[in-house]
Amino acid sequence: LVALNIDKAIVSAISETGSADILSEKQRLDLPQERDLSLPGYRERLTTIYDFHPPNRHDKGNVHTFIQAQAVWDEAMAENIVEFIRKNPNTQLLVLAGAQHVRKDSGIPPRVQRRYTVEQKVVLTRDHFSASEETVADFFFSSDAAPLPPAGRIGISLEEKTKNDDTYLEITGLVKESKAFTSGLKAGDRIVSINGDNIQTLSDIRIALLGATPGEVVEIEVNRTTDQDQTSRHHYRIELSPPLNPHR
């Protein structure tokens with residue numbers, strides 16, 4: 001299993017400014033050596049995607065910085081693919097990425113081919129594309145939606161924060177209808193672990209609760225800072241709640 005993504009913080013920083021100037025020296029070393037924004041239809045496609053999503057009031061960038069960031073993302077994944085193939089020339093690599101990223105006309109494939117000549121095939125679902133769009137993919141498939149059981153929810157709102165280069169999740173609120181509300185958890189608590197797994201980011205939470213259903217009990221460990229600026233560790237066992245809105 002090979003991780004292809006570039007650090008999310010790098011993409012976010014470039015998405016704000018369109019420049020690598022605000023990156024640290026270590027982050028600059030992770031940037032792809034070359035970027036191609038001239039692929040036919042690339043700018044137009046990303047502009048359409050950008051316009052489709054209403055700007056968030058916290059967003060600092062614009063469509064041009066968004067395109068720069070996406071190009072860094074695509075080029076970095078292509079670079080990591082090529083690095084792996086060069087080290088493992090007899091291995092077949094199956095790349096799992098978003099539909100827009102794997103397009104054979106302007107996504108990852110032409111960026112791989114620019115660096116290394118290798119046979120590539122793109123497979124996409126028909127959700128967003130027509131089977132006649134041969135420039136986008138080599139094969140299309142469709143399948144019926146698989147019903148999934150409702151996901152279990154702790155019943156807390158979280159915010160990802162960074163302090164002294166350490167990332168952590170802070171509880172910002174509790175849902176009154178959840179077991180978390182009466183458990184003893186408090187706003188301001190910092191999540192340390194869930195079922196023994198260390199938690200630092202929102203992605204860690206998603207992984208820790210992957211497949212968890214309402215009614216299951218999870219063990220949560222938090223740090224709490226007192227008014228005297230002292231930190232104490234607290235442990236809770238919380239029964240997961242169903243989603244408040246099952247359609248979301």
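**Exercise 1. The α3/α4 crossing**

Task: In this predicted model, find how α3 passes α4, and which residues make the contact.

Solution. 
- Step 1. Take the handedness. α3 passes α4 in a right-handed crossing.
- Step 2. The axes of α3 (residues 42–52) and α4 come within 10 Å, and they cross at roughly 115°.
- Step 3. List the α3 side. Tyr42, Arg43, Leu46, Thr47, Ile49 and Tyr50 make the contact there.
- Step 4. List the α4 side. Val63, Phe66, Ile67, Gln70, Ala71 and Asp74 answer from α4.

**Exercise 2. The cover over α5**

Task: Decide how many residues of α5 are buried, and name what covers them.

Solution. 
- Step 1. Count. 6 of the 8 residues of α5 are buried, so the helix is mostly covered under a cut-off of 20% relative accessible area.
- Step 2. Name them. The buried residues are Ile108, Pro109, Pro110, Arg111, Val112 and Arg115.
- Step 3. Find the cover. α3 and α4 are among the elements that cover these residues.

**Exercise 3. Ser106**

Solution. 
- Step 1. Complete the surroundings. Beyond four places in sequence, Ser106 touches Leu39, Pro40, Tyr42, Arg45 and Arg111.
- Step 2. Link back. Tyr42 also belongs to the α3 side of the α3/α4 contact, and Arg111 is one of the buried residues of α5.

**Exercise 4. The largest nonpolar core**

Task: Describe the largest nonpolar core by its residues and by the elements that supply them.

Solution. 
- Step 1. Size. This core holds 19 residues.
- Step 2. Ile154, Leu185, Ile191, Ile194, Leu209 and Ile220 touch the most other members.
- Step 3. Sources. β4 (166–174), β5 (190–194), α7 (202–208), β7 (217–225) and β8 (231–239) each give at least two residues.
- Step 4. Top supplier. β7 gives the largest share, 3 residues.
- Step 5. Leaving out residues up to four places away, Ile220 touches Ile154, Ile191, Ser193, Ile194, His234, His235, Tyr236 and Ile238.
- Step 6. Check for another core. A separate second core has 11 residues, including Val11, Leu31, Val72 and Ala76.
- Step 7. In soluble globular proteins, nonpolar side chains tend to be buried together.

**Exercise 5. Strand pairing around β7**

Task: Work out how β7 pairs with β5 and with β8.

Solution. 
- Step 1. Start with β5. β5 and β7 pair antiparallel over 4 bridges. Here Ile194 has Ile220 of β7 as its bridge partner.
- Step 2. Turn to β8. β7 and β8 are also antiparallel, joined by 9 bridges. Glu219 has Arg237 of β8 as its bridge partner.
- Step 3. Inspect the hairpin. 5 residues lie between β7 and β8, and Asp229 has a positive phi near 65°.
- Step 4. Val218 lies in β7. Val218 is buried because its relative accessible area is 2%, under the 20% cut-off.
- Step 5. Outside four places in sequence, Val218 touches Ile194, Asn195, Leu209, Tyr236, Arg237, Ile238 and Leu240.
- Step 6. Compare sequence and space. Val218 and Glu239 are 21 residues apart in sequence, yet 6.5 Å apart from C-alpha to C-alpha.

**Exercise 6. Positive phi**

Task: Examine the phi values of Asn195 and Asn164.

Solution. 
- Step 1. Recall the rule. Most residues other than glycine have a negative phi.
- Step 2. Take Asn195. Its phi is positive, near 50°. Asn195 is in the loop between β5 and β6 (197–198). At 42% relative accessibility, Asn195 is partly exposed.
- Step 3. Take Asn164. This residue is in the turn of the β3/β4 hairpin, with a positive phi of about 55°. The hairpin has 2 residues between its strands.
- Step 4. β3 (residues 156–163) and β4 run antiparallel with 8 bridges. Leu158 stands opposite Ile171 of β4.

**Exercise 7. The whole chain**

Task: Summarise the protein by secondary structure, burial and contacts.

Solution. 
- Step 1. There are 7 helices and 8 strands.
- Step 2. Of 248 residues, 33% are buried.
- Step 3. Among contacts between residues at least 6 apart in sequence, 55% join residues at least 24 apart.

Terms used
Residues are numbered from 1 along each chain as its sequence is written. This is a predicted model: local features need pLDDT of at least 70, side-chain atom pairs count only at pLDDT 80 or more; totals for chains, interfaces and linings use all residues. Side-chain values use heavy atoms; hydrogens and water are left out. A nonpolar core is a set of buried Ala, Val, Leu, Ile, Met, Phe, Trp, Tyr and Cys residues joined through side-chain atoms within 4.5 Å. Buried means under 20% relative accessible area, exposed over 50%, partly exposed in between (1.4 Å probe, protein chains only). Contact means heavy atoms within 4.5 Å. Two strands pair if DSSP finds at least two bridges between them. Axes are lines fitted to C-alpha atoms, for helices over the stretch in contact, and angles run from 0 to 180 degrees between N-to-C directions. A crossing is left-handed if the near helix is turned anticlockwise from the far one by less than a right angle, and right-handed if clockwise.
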